[in-house]
Amino acid sequence: MVVRLRLSRLGCKNRPFFRVMAADSRSPRDGKHIEVLGYFNPLPGQDGGKRMGLKFDRIKYWLSVGAQASDPVQRLLFRSGLLPPPPMVAMGRKGGERDTRPVDPMTGRYVDAEKTPAISDNMPKEEDNAEDKSP
């Protein structure tokens, strides 16, 4: 039995509400589950933010015993700080080769490798500081 952490849809038409569930991979989306691990409301509230509540200790337990998170749950756990970012590779043209540049999962834009060394070039090096202090 493979346990998956996945979303179960509740709510009305055009007003989705999701529960994060630990369920057998063979059971239907809204069917039998093992445990409710939290909720996710994608519609913005009056404060303008998305609402999410997760039981972190139980999610850590299920991940430690080998449960696999689905892609949407993996993104939710990344945004809550529980998991590292999922690997993302941007697609090139349809039918073309894949673009291997890394993509920032929060913004969906390419991460420039040239910008990080430029920041370290402006920082003073330890060797320079040691030479300045010697008489």
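## Order of elements

From the N terminus on, the elements of the chain run β-β-β-β-α-β-α-α-α. That comes to 4 helices and 5 strands. The model is a predicted one. The chain has 135 residues, and buried residues make up 25% of them. Of the contacts with a separation of 6 or more, 28% are between residues 24 or more positions apart.

## The nonpolar core

In soluble globular proteins, nonpolar side chains tend to be buried together. In this model the largest nonpolar core has 16 residues. Those with the most contacts inside this core are Leu5, Leu37, Trp62 and Val73. Two or more residues each come from β1, β2, β3 (35-41), α1 (56-64) and α2 (71-79).

## Helix α2

The buried residues of α2 are Val73, Leu76, Leu77 and Phe78. An α-helix has 3.6 residues a turn, so residues three or four places apart point the same way. The cover over the buried residues of α2 includes β1, β2, β3, β4 (51-54), α1 and β5 (68-69).

Val73 is in contact with Leu5, Arg6, Leu7 and Val20, leaving aside its neighbours within four places in sequence. After α2 comes Gly81, with a positive phi near 90°.

Ala22 is placed in strand β2. Its relative accessible area is 0%, under the 20% limit, so Ala22 counts as buried. Apart from neighbours within four places in sequence, Ala22 has contacts with Val3, Arg4, Leu5, His33, Ile34, Glu35, Leu37 and Trp62. Three of these names, Leu5, Leu37 and Trp62, are also among the core residues with the most contacts.

Asn14 is found in the loop between β1 and β2. This residue is exposed, because its relative accessible area of 64% is over 50%. Phi of Asn14 is positive, near 65°, in a residue other than glycine.

## Ser27 in the loop between β2 and β3

Ser27 has its place in the loop between β2 and β3. Its relative accessibility is 14%, which is under 20%, and therefore Ser27 counts as buried. Residues up to four places away in sequence not counted, Ser27 touches Arg6 and Lys32. A polar atom of the Ser27 side chain lies 3.2 Å from the backbone oxygen of Lys32.

## The cavity

A search of the whole structure finds 1 cavity of 30 Å³ or more. The volume of the largest cavity is about 30 Å³. Its lining consists of Arg6, Ser8, Met21, Ala23, Pro28, Arg29, Gly31, Lys32 and His33. By class, these are 3 nonpolar, 3 polar and 3 charged residues.

Strands β1 (3-12) and β2 (15-24) each supply at least two residues of this lining. Arg6 and Lys32, both in the lining, are also the residues that Ser27 touches, neighbours up to four places away in sequence not counted. His33, another lining residue, is one of the contacts of Ala22. Arg6 is also in contact with Val73.

Note on methods. Residues are numbered from 1 along each chain as its sequence is written. This is a predicted model: local features need pLDDT of at least 70, side-chain atom pairs count only at pLDDT 80 or more; totals for chains, interfaces and linings use all residues. Side-chain values use heavy atoms; hydrogens and water are left out. On a 1 Å grid over the protein atoms alone, a cavity is a set of points where a 1.4 Å probe fits but cannot get out, and a pocket is an open set with protein on both sides within 12 Å along at least five of seven lines; lining residues have an atom within 4 Å of a point. Grid points are joined across faces, edges and corners, and a volume is the space filled by probe spheres set on the points. Ala, Val, Leu, Ile, Met, Phe, Trp, Tyr, Cys and Pro count as nonpolar, Asp, Glu, Lys and Arg as charged, and the others, Gly among them, as polar. A nonpolar core is a set of buried Ala, Val, Leu, Ile, Met, Phe, Trp, Tyr and Cys residues joined through side-chain atoms within 4.5 Å. Buried means under 20% relative accessible area, exposed over 50%, partly exposed in between (1.4 Å probe, protein chains only). Contact means heavy atoms within 4.5 Å. A polar contact is a pair of N or O atoms within 3.5 Å; within protein, one must be able to donate a hydrogen and the other to accept it, and residues adjacent in sequence count only if both atoms are side-chain atoms.
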